[in-house]
Amino acid sequence: MLRVNNVYKTFHTGTVNEKIALYNVNMELREGDFITLIGGNGAGKSTLLNCVAGVYGVDQGTIVIDANDVTKLPEHKRASVLGRVFQDPMMGTAANMGIEENLALAYRRGQKRSLKWGITRKERNLFREQLERLELGLEDRLQDKVGLLSGGQRQALTLLMATLKKPKVLLLDEHTAALDPKTAPKVLEITEQLIQASNLTTMMVTHNMRDAIKHGNRLIMMHEGRIILDINGEEKKKLTVEDLLERFGQASGEEFANDRALLS
Amino acid sequence: MLEILLGAVSLGTLWAVMTIGVFITYRILNIADLTVEGSIAMGAAIAARGIIMGMNPYVTTLLALIGGMAAGLVTGLLHTQLKIPALLSGILTMIALWSINLRIMGKSNISLLRMDTVYTMLENMGLNKTDAVMVLGLLFVLAIIILLYWFFGTEIGCAIRATGSNPRMVRAQGINTDSTIILGLILSNGLVAVSGALIAQSQSYSDVQMGTGAIVIGLASVIIGEVLFGTKKFFGRLLSLALGAITYRIIIALVLKMGMPANDLKLFTAITVAVALSLPVLRQYFMPLRKSFKEVE
């Protein structure tokens, strides 16, 4: 479904701030794969996600989604096959537009926009049904501005928007990292529910080892721009945080020193 | 006195068209677009030149619309394709338009006295000039409000509104934000140029200087409209802009009547806008003060 072939990405090339973000990254996601992508700060996990999404171009290598080489396509053209949720709950929705208007924008992802009405009655009913599944009471607030919602509600709405039109790949960029400890599991639960309902191919970046182990069928760990671990199947099911730390040490030759990943 | 007020209202309806244009960039796209200073004068220049060449005044007004849209397109391309900051893109187009407007007119001002204008037909029906301007101005404003209300409810219109709110999200939904920004700028400057064309015909002259300070007048009208007549509904918001533009003209007419020298007008407008824009900050500043007053009570 998604293939990342020999991708290299360096930021600020030729300056003192030069930073190699991705170094010869190779990865293949099969249809229905749900991978969790973990690593310390600056490991390159978000960069990889953004390269797939087209936010950044790659220096070398190719990105192939469902047999289409999208390496040269701009962000908005790739969007037709990608669903995305960002770390910042404010980023995924338009604050001064209504809940239904946001959903209507997402419902047209991948279509050419015309002078037809931006939202129809039939769609409203569909949105209401879909919002009911979130169990957040949003189905009665279709007209409310998204800016009035809490971070968790906005993130749940963004998730729904990302999956309303079934994407070929769902990209989640630490989408619960900015939520409070009570809301984060709830949003993860909704995530799991939406992914299973449509059997979505998913790539979830997280810094939380527990979440990375608990969710998905495959775990990939990155370090200094490279993939150092790729664990799947039965092995992934039996994995513990201690195992993961040990295997990180073996693969990278370093201690996993990242408070954010360890403490949360 | 009544005459002054009526004059202010009629002129206000024409500036309302421009105010709606400014609203599209300033509030919907979240860009302060200085192109309007050039495009309003361009609308006036095209209309004036067309009329003295003997063209139909409605046709020249239409040409003004096209000219303004072209100006918006240039700013949009500078900003989105050449990645020049929006403010600077607008300034560049504005400066360029100064020379272009002089070329269009062939001189720095054109008088339209005793020429047929868009208002002549209504005047021939027995209305005086002020009333004719008011009637036609209101018709234009209403038509534009209805059209825009429809347009911003369409898929493309929604995409433009979302662009101003969160461009990153809009791209994630598969929309090219370069296109929506350009489209918004085209629409805005087209309206501003029409406003310029209507104003020039109502005051019977066109001057290359006409645009100076126009953006500030537009912003003042937007803010006055929002503060005094603002609503949440989009149709109401558009309507409040027209009322804001008319109110601004009435305020100006009144302060002039009260004896303020016309030369101080721009200073007055600038201060008004500065105060209005800083209202949120001022409110925060005075909030603790009010709180402590309450505690004392």
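Predicted model: local features only at pLDDT ≥ 70, side-chain atom pairs only at ≥ 80, totals over all residues.
# Chatting through chain A and a bit of chain B

Q: OK. How many helices and strands does chain A have?
A: Ten helices and ten strands.

Q: And what about its overall dimensions?
A: The C-alpha atoms of chain A fill a box of roughly 60 × 40 × 35 Å along the principal axes.

Q: What percentage of the residues in chain A is buried?
A: Buried residues make up 52% of the 264.

Q: Let's go to helix 1 of chain A. Why is it largely enclosed by the rest of the structure?
A: Because eight of its nine residues, in the stretch 45-53, are buried.

Q: Which ones are they?
A: You'd be looking at A:K45, A:T47, A:L48, A:L49, A:N50, A:C51, A:V52 and A:A53.

Q: What follows that helix?
A: A:G54 does, and its phi is positive, near 90 degrees.

Q: Switching to the sheet: what's the strand order in the open sheet of six strands?
A: In chain A the order runs 6-7-8-3-9-10, and the pairing is mixed. Strand 6 (82-85) and strand 10 (226-232) of chain A are the edge strands, each pairing on one side only. From one strand to the next, the twist averages 15 degrees.

Q: Do strands 3 and 8 of chain A run parallel or antiparallel, and how many bridges join them?
A: Parallel, with five bridges joining strand 3 (residues 34-38) to strand 8 (residues 202-206) of chain A. For a landmark, A:I38 has A:T206 in strand 8 of chain A as its bridge partner.

Q: Which strands does helix 5 of chain A lie across?
A: Helix 5 (residues 151-164) of chain A lies across strand 6 and strand 7 (169-173) of chain A. The helix runs at about 175 degrees to strand 6 of chain A.

Q: New topic, aromatics. How many aromatic pairs are there over all chains?
A: Eight. One of them is A:Y8 with A:Y23: the ring centres are 5.2 Å apart and the planes sit at 75 degrees, so that pair is edge-to-face.

Q: Where do A:Y8 and A:Y23 lie?
A: A:Y8 is in strand 1 (residues 2-11) of chain A and A:Y23 is in strand 2 (residues 19-29) of chain A, so the pair ties together parts 15 residues apart in sequence.

Q: How accessible are those two?
A: A:Y8 is partly exposed, with a relative accessible area of 22%. A:Y23 is partly exposed as well, at 34%.

Q: What about A:F11 and A:Y56, how do their rings sit?
A: Their centres are 5.0 Å apart with the planes at 80 degrees, so this pair is edge-to-face. The pair links distant parts of the chain, 45 residues apart: A:F11 is in strand 1 of chain A, while A:Y56 is in the loop between helix 1 and strand 4 (60-65) of chain A. A:F11 counts as partly exposed at 21% relative accessibility, and A:Y56 is partly exposed at 29%.

Q: Last one, chain B. Which residues do ring pairs link into a cluster there?
A: B:F23, B:W150, B:F151, B:F152 and B:F234. There's also a charge to look at: B:R161 lies over the face of B:F234, 5.7 Å from the ring centre.

Conventions: Residues numbered from 1 in each chain as written. Chains lettered and ligands numbered in written order. Heavy atoms only, no water. Buried < 20%, exposed > 50% of the residue type's maximum accessible area, 1.4 Å probe, protein only. Helix = DSSP H or I, 4+ residues; strand = E, 2+ residues; numbered from the N terminus. Pairing = 2+ DSSP bridges. Axes fitted to C-alpha atoms, helices over the stretch in contact; angles between N-to-C directions. Contact = heavy atoms within 4.5 Å. Phe/Tyr/Trp six-rings, centres within 6.5 Å; stacked < 30°, edge-to-face > 60°. Lys NZ or Arg CZ within 6 Å of the ring centre and 35° of its normal.
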